Amino acid sequence: MFAADFEPAERTSRRGSPRAPVALDVSIGKTRRTLCKVVDISINGARLQTYSALKRGTSIWLNLPQIGQIVAEVMWADDFTAGCKFRKPLSIEAFDALIEDHPA
């Protein structure tokens, strides 16, 4: 009997695009009353730190600086952290501007 380490040649990821760390103070909702922080972002979604719990499957309005309101679906939520997927991906230009202007 023998043992060998196995490592796959390709790692699969559920994410459609790489994420970048940021520090964005944003609001949720059309009325912009609920505050949260975006801690990482991609053209397809973001991870949020919230002050109120979000529920998986909920659609939210996320108010991003320089972009405005976008619709996102909460894909997962754990206490006061949540991951969301944007209904419409960000443009590369908008994404680049956000990560340049708001580094973590």
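## A six-strand, one-helix chain

The chain has one helix and six strands, where helices (H or I, at least four residues) and strands (E, at least two) are DSSP runs, numbered from the N terminus. This is a predicted model, in which local features need pLDDT of at least 70 and side-chain atom pairs count only at pLDDT 80 or more, while totals for chains, interfaces and linings use all residues. Residues are numbered from 1 along each chain as its sequence is written, and side-chain values use heavy atoms, with hydrogens and water left out.

**Overall layout**

- Read from the N terminus, the elements follow the order β-β-β-β-β-β-α.
- Of the 104 residues in the chain, 34% are buried; here buried means under 20% relative accessible area, exposed over 50%, and partly exposed in between (1.4 Å probe, protein chains only).
- The chain exposes about 7,400 Å², with carbon and sulfur atoms supplying 51% of that area; accessible areas come from the Shrake-Rupley method with a 1.4 Å probe, and for residues only the protein chains shown count as cover.
- Taking contacts (heavy atoms within 4.5 Å) between residues at least 6 apart in sequence, 49% join residues at least 24 apart.

**Salt bridges around D40**

- The count comes to two salt bridges, each defined as a side-chain nitrogen of Lys or Arg within 4 Å of a carboxyl oxygen of Asp or Glu.
- D40 pairs with R19 in a salt bridge whose closest N and O atoms are 3.0 Å apart.
- That pair links distant parts of the chain, with D40 in strand β2 (residues 34-41) and R19 in the segment before β1 (20-28), 21 residues apart.
- D40 also meets R47 in a salt bridge, again with an N to O distance of 3.0 Å.
- Together, R19, D40 and R47 are linked in a network of salt bridges.
- D40 counts as buried because its relative accessible area is 11%.
- R19 is partly exposed at 26% relative accessibility, and R47 is partly exposed at 31%.

**A negative patch at the surface**

- E93, D96, E100 and D101 gather in a surface patch of negative charge.
- Patches are made of residues with over 30% relative accessible area and no salt bridge, with like charges joined within 9 Å and nonpolar side chains (Val, Leu, Ile, Met, Phe, Trp, Tyr) within 5 Å.
- For charges, Lys and Arg count as positive and Asp and Glu as negative, with His and the chain ends not counted; the place of a charge is NZ of Lys, CZ of Arg, CG of Asp or CD of Glu.
- D101 belongs to helix α1 (residues 92-101), and a relative accessible area of 42% makes D101 partly exposed.

**Loops worth a look**

- R87 sits in the loop between β6 (81-86) and α1 and is exposed, at 62% relative accessibility.
- Apart from neighbours within four places in sequence, R87 is in contact with S59, V71 and A72.
- The C-alpha atoms of R87 and E73 are separated by 7.0 Å, although these residues are 14 apart along the chain.
- Most residues other than glycine have a negative phi.
- Q66, which is not a glycine, has a positive phi of about 70 degrees; Q66 lies in the loop between β4 (59-64) and β5 (68-78) and is exposed, with a relative accessible area of 53%.
- D79, also not a glycine, has a positive phi of about 55 degrees; D79 is found in the loop between β5 and β6 and counts as exposed at 59% relative accessibility.
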